[in-house]
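Hi,

Here is the structure I promised to pass on. Have a look at it first, and my notes follow below.

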Amino acid sequence: MRYGCQSMVGKIERIMVKHPKDAFISQKHLDENWIKFNYIHCPDYEEAVREYESFLSILSRYVPNIDFLPASQAVGLDSIYAHDPVKITKKGAILLKSGKVLRQGEAGAVKNYFHDIGIPILGEIEGDGRVDGGDVIWLDDRTLVVGRGYRTNDEGIRQLRELTRDVVDDFIVVHLPHGNGPEECLHLMSFISFIDYDLAVVYSELMPVVFRELLITRGVKLIEVSKEEYDHLGCNILALAPRTCMLVAGNPQIKQLLEAEGVEVLEYKGEEISYLGTGGPTCLTSPILRK
């Protein structure tokens, strides 16, 4: 199988997802677990399935190959957010170890699945190391930016630096703000989504100054999302290809700003599958191959 994803915006040729039927399991399972996983309130299972089918119908028009992670008793509700437990490099997969203890079984489930479909494992974050996929961004195919926050720690960053030494020239660490504290899922990708190599949607209020200045120096145009739309995942946008992206419906301001830049914006209803678990389209997907 072909793999390699050292880009945030290259055209997606293969992607991994997890259906709510295999993550949420049932309404009873949601009722019993949503508080433990810190959801805003309990998702409606049947509506989540409907939303997801609509999400897939859009995704399948633009991505030729979609792989589905199977159900596993080793993981919980958050496994619907397939982005966080793994990063795919040109030399294989790096299995991560989430800073959220309830999610630490997800990397093992991905490892088993990748063994079945033939994606080699380059390495794993082990021991006291912690890295969430949402804290790892490719600026280009040889430049990796990692957010140091509550979900990704110094030991995890040290291990990731070592694992990527042959595929990365520039390894940049960005220190994240406290935000609303350690219980909030604040990732590096929470306040930036690349739409093209030179275009990104950002929420500057949470951006470290050094990182924001770096992007501007590299010629990246920053489009600001409002506080209202940030709170509705308006800064969590999946680039399917340069200037073609997916966005949770209900964010008209950022949609209009993107369209003014010549971006094709594809909306999906994501109240149950995205908003309640604070995971937009980037979180729902793990690209395996980008061109």
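The buried residues of helix 4 (buried: under 20% relative accessible area, 1.4 Å probe, protein chains only) pack against strands 1 (12-17), 2 (65-68), 3 (86-89), 4 (92-95), 5 (121-124) and 15 (286-290), where contact means heavy atoms within 4.5 Å. Helices (H or I, at least four residues) and strands (E, at least two) are DSSP runs, numbered from the N terminus. This is a predicted model, in which local features need pLDDT of at least 70 and side-chain atom pairs count only at pLDDT 80 or more, while totals for chains, interfaces and linings use all residues. Residues are numbered from 1 along each chain as its sequence is written, and side-chain values use heavy atoms, leaving out hydrogens and water.

Which residues of helix 4 are buried? They are Glu106, Ala107, Ala109, Val110, Tyr113 and Phe114. Gly118 follows helix 4 and has a positive phi, near 90 degrees.

There is also an open sheet of 3 strands, in the order 2-1-15 with mixed pairing; two strands pair if DSSP finds at least two bridges between them. Strands 2 and 15 stand at the edges with a single partner strand each, so one side of each has no neighbour in the sheet. Strands 1 and 2 run parallel, joined by 4 bridges, and Met16 stands opposite Asp67 in strand 2.

Best wishes

Terms used
Buried means under 20% relative accessible area, exposed over 50%, partly exposed in between (1.4 Å probe, protein chains only).
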